[in-house]
Amino acid sequence: MDQAASAPQTISIRLPDGRTLAYDHPVTGADLAADLGPHWTRVALAVRVDGAMKDLLLPIEADATVSLVTADDPGAVELLRHDAAHVMAEAVQELYPGTQVTIGPAIENGFYYDFARTEPFTPEDLPRIEEKMREIVDRDEPIRREVWDRDAAILHFKSIGEHYKAEIIEDLPADEPISVYRQGEWLDLCRGPHLASTARLGKAFKLMKVAGAYWRGDSRNAQLQRIYGTAWASKKQLDAYLTMLEEAEKRDHRRLGREMNLFHLQEEAAGAVFWHPLGWTLYRTLQAYMRRRLEAEGYVEVNTPQLIDRTLWERSGHWEKFREHMFTAAAEEKILALKPMNCPGHVQIFRQGIKSYRDLPLRMAEFGCCHRNEPSGALHGLMRVRAFTQDDAHIFCTEDQITSETLAFCDLLQSIYRDLGFTEVVVKFSDRPAKRAGSDATWDKAEGALREATEAAGLETKLNPGEGAFYGPKLEFVLRDAIGRDWQLGTLQVDFVLPERLEANYVGEDGEKHRPVMLHRAILGSFERFIGVLIEHHAGRLPFWLAPLQVVVATITNQADAYAVQVLAALRAAGIRAETDLRNEKINFKVREHSLAKVPVLLVVGAREQEEGTVAIRRLGGKAQEVVALAEAIAKLTMESLGPSAT
RNA sequence: GCCGGAUUAGCUCAGCUGGUAGAGCGGCUGAUUUGUAAUCAGUAGGUCGGGGGUUCGAGUCCCUCAUCCGGCACCA
């Protein structure tokens, strides 16, 4: 307003195309857009000032590199989602007076807002809220940023009954400006940035679900009501996302597990799996593969008891740290616990006899069935169960061997993931937590060794600061599946503590007793969970070598029955998992049925094949058929059946 | 464990404000002998998740428990 009074100063704005515009007054992104032409006014959503996303209406008061953010900017959709959260909050407060707002960020694929309200929201409320949101978009309410005095802001929010907001302001760092966004009549504390008006949000959004969520993510706090939504720059993108969700639902392992007759779950054994013949075949095939890989890497396999007396768990520290997750059983005067982990058992085997440094590294593997009393709300199909079998192993080694053992492990793990069809692996490196055992020198050594090994293995790691186990640092291996979801499966943990507690030692070159280091490691994590991931990753279409039923021999008419039986015998003799389908049905029917059951290969035989001693190979999902001599087909399928890394 | 929703035939689901259960697929039986994603006809099948209550009467309303689903917390 008093621009004339301020000293004439030139502000130069550098644009992405290299042009520089000079202004003698503070300029906003909106001004800039107007100067660039009407097209820009229409498409500009926000500005980047020296890389940082800002409001279109924020005055730029110093020289800067500025670009206008349009819908195709990767940051734009985040802005949009954040706005969607605010528009939803306005809608909710308009519809349900007395509801308090708390926080409402943009998240991957969408947004949410947490509300405090006595009455619960129900799914029926969502269409109503959505309707109101569209109304707010149509109102084209301007969104304006204001900076308030901290105490005034606290007072204001308290006076209108927004106690959570007041609490947020009280906890903000003292130097943080308190920015408030006015959106029409509505007002919210927010860091921003935001679009210039609600109309900019568009209508490519949808409210998805209601859920409970704890204030500040702490289960001791009040539970708020969260509404999740998704928002996109265009209707087309929204539809694509919704279609993707439908696809994900179709590959849900619980659904496919039933459709493919692999396993079931039932309430009398919540969190435990009933494996059906086909599912168990898949399980055993995977296990045989793992066993082969481990043996080739110099692991020895052991088996340790399910029920172990509490005194051992007291010594290992589990009784103190893990008690509430352990199932117990009474026997006469004793209390036994079902093992939640295999490590203490493995130390018992290590302790038998005297170990020499020459025995190290000792790689002790067990397909150990563990039980953990997971909270009921955590159970989820095969992914989160109470009874599971780990592909567990403990490597007893010297400190000097940590690097080479880790390196070898990383190589093995990557090779196995590749074999199983996963190519994207992210490694998280969790270093020392605040509460920890062992000296800083020991931690330096352990972290250094791990880091060195991951570098040698050519793995990029993402630091997870302070997230290590109390006994040592760990690596976590996260797989990305076919539709972009992440699964944390493998792990490697360095442990200096358990060998100490359970008194494991070996005799060194010097003739003295030493403590070995234990590396806890798993690749699949658990068979249950991994099979769940495998099913979803492949959408049930497992690779030939893993498919529980690999081949169905289907007849055209029952004239070919005898020949089909002969083909079956030949397949089985070659070790291929096969069945016949001699039913009196049309071949169309059989093809459809076995395709839906995801059988990878269908061998169709009719009068012609019988006469010529051939089979017609039909691959799952393919249209083409290949007619070859029976012997040739068997040879081909036998090769495929061997699986990767078989030689 | 917490919040919300759900639980009806083997599966997917319908069943309005209370009046003693329905469809499609699948199963079974029969006919059909068929060349690459559903041949036709007939037929059986349910203590409506368990328990309690309200009512002349409950799949439907209320209470309670269990399990499942979606989140949250948890995942040493």
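This is a predicted model: local features need pLDDT of at least 70, side-chain atom pairs count only at pLDDT 80 or more; totals for chains, interfaces and linings use all residues.
Chain A holds 20 helices and 34 strands. Its C-alpha atoms fill a box of roughly 95 × 75 × 55 Å along the principal axes. The chain has 647 residues, and 50% of them are buried. Contacts were also sorted by sequence separation. Among those between residues at least 6 apart, 67% join residues at least 24 apart.

The crossing is left-handed. On the α5 side, the contact involves Arg150, Ala153, Ile154, Phe157 and Lys158. These meet His163, Lys165, Ala166, Ile169 and Glu170 of α6. By class, the contact of α5 with α6 divides into 5 nonpolar, 1 polar and 4 charged residues.

Helix α9 spans residues 277-296, and helix α13 spans residues 402-419. Their axes lie 12 Å apart, at an angle of about 150 degrees. Helix α9 is therefore roughly antiparallel to α13. This crossing is right-handed. Helix α9 contributes Tyr289, Met290, Arg293 and Leu294 to the contact. Helix α13 contributes Leu412, Ser415, Ile416 and Asp419. The contact of α9 with α13 comprises 5 nonpolar, 1 polar and 2 charged residues.

The crossing of α17 and α20 is right-handed. Tyr563, Val567, Ala570 and Leu571 of α17 meet Leu630, Ile634 and Leu637 of α20. The contact of α17 with α20 has 7 nonpolar residues, with no polar and no charged ones.

Attention now turns to the nonpolar cores. In soluble globular proteins, nonpolar side chains tend to be buried together. The largest nonpolar core in the model has 61 residues. Within this core, the residues that touch the most other members are Tyr417, Leu420, Phe477, Val494, Ile523, Leu524 and Phe530. Helix α13 supplies the largest share of this core, with 7 residues. A second, separate core has 34 residues. Val69, Leu95, Leu126 and Ile129 are among its members.

Ile523 illustrates the surroundings of one residue in the largest core. Residues up to four places away in sequence are set aside. Ile523 then touches Met290, Asp391, Phe409, Leu412, Leu413, Ile416, Tyr417, Leu489 and Gly490.

Glu297 lies in the loop between α9 and β16 (300-301). Glu297 is in contact with Arg363, Ala408 and Leu412, leaving aside neighbours within four places in sequence.

Some local backbone features lie in loops. A cis peptide bond joins Leu360 and Pro361, with omega at about -5 degrees. Pro361 sits in the loop between β20 (355-356) and β21 (362-371). Two residues other than glycine have positive phi values. Arg216 has phi of about 60 degrees. Arg216 lies in the loop between β12 (205-214) and β13 (223-231). With a relative accessible area of 45%, Arg216 is partly exposed. Glu503 has phi near 55 degrees. Glu503 is found in the loop between α15 (498-501) and β27 (506-507).

Key. Residues are numbered from 1 along each chain as its sequence is written. Chains are lettered from A and ligands numbered from 1 in the order in which they are written. Side-chain values use heavy atoms; hydrogens and water are left out. Axes are lines fitted to C-alpha atoms, for helices over the stretch in contact, and angles run from 0 to 180 degrees between N-to-C directions. Helices (H or I, at least four residues) and strands (E, at least two) are DSSP runs, numbered from the N terminus. Angles under 35 degrees count as roughly parallel, over 145 as roughly antiparallel, 65 to 115 as roughly perpendicular and the rest as oblique. A crossing is left-handed if the near helix is turned anticlockwise from the far one by less than a right angle, and right-handed if clockwise. Contact means heavy atoms within 4.5 Å. Ala, Val, Leu, Ile, Met, Phe, Trp, Tyr, Cys and Pro count as nonpolar, Asp, Glu, Lys and Arg as charged, and the others, Gly among them, as polar. A nonpolar core is a set of buried Ala, Val, Leu, Ile, Met, Phe, Trp, Tyr and Cys residues joined through side-chain atoms within 4.5 Å. Buried means under 20% relative accessible area, exposed over 50%, partly exposed in between (1.4 Å probe, protein chains only).
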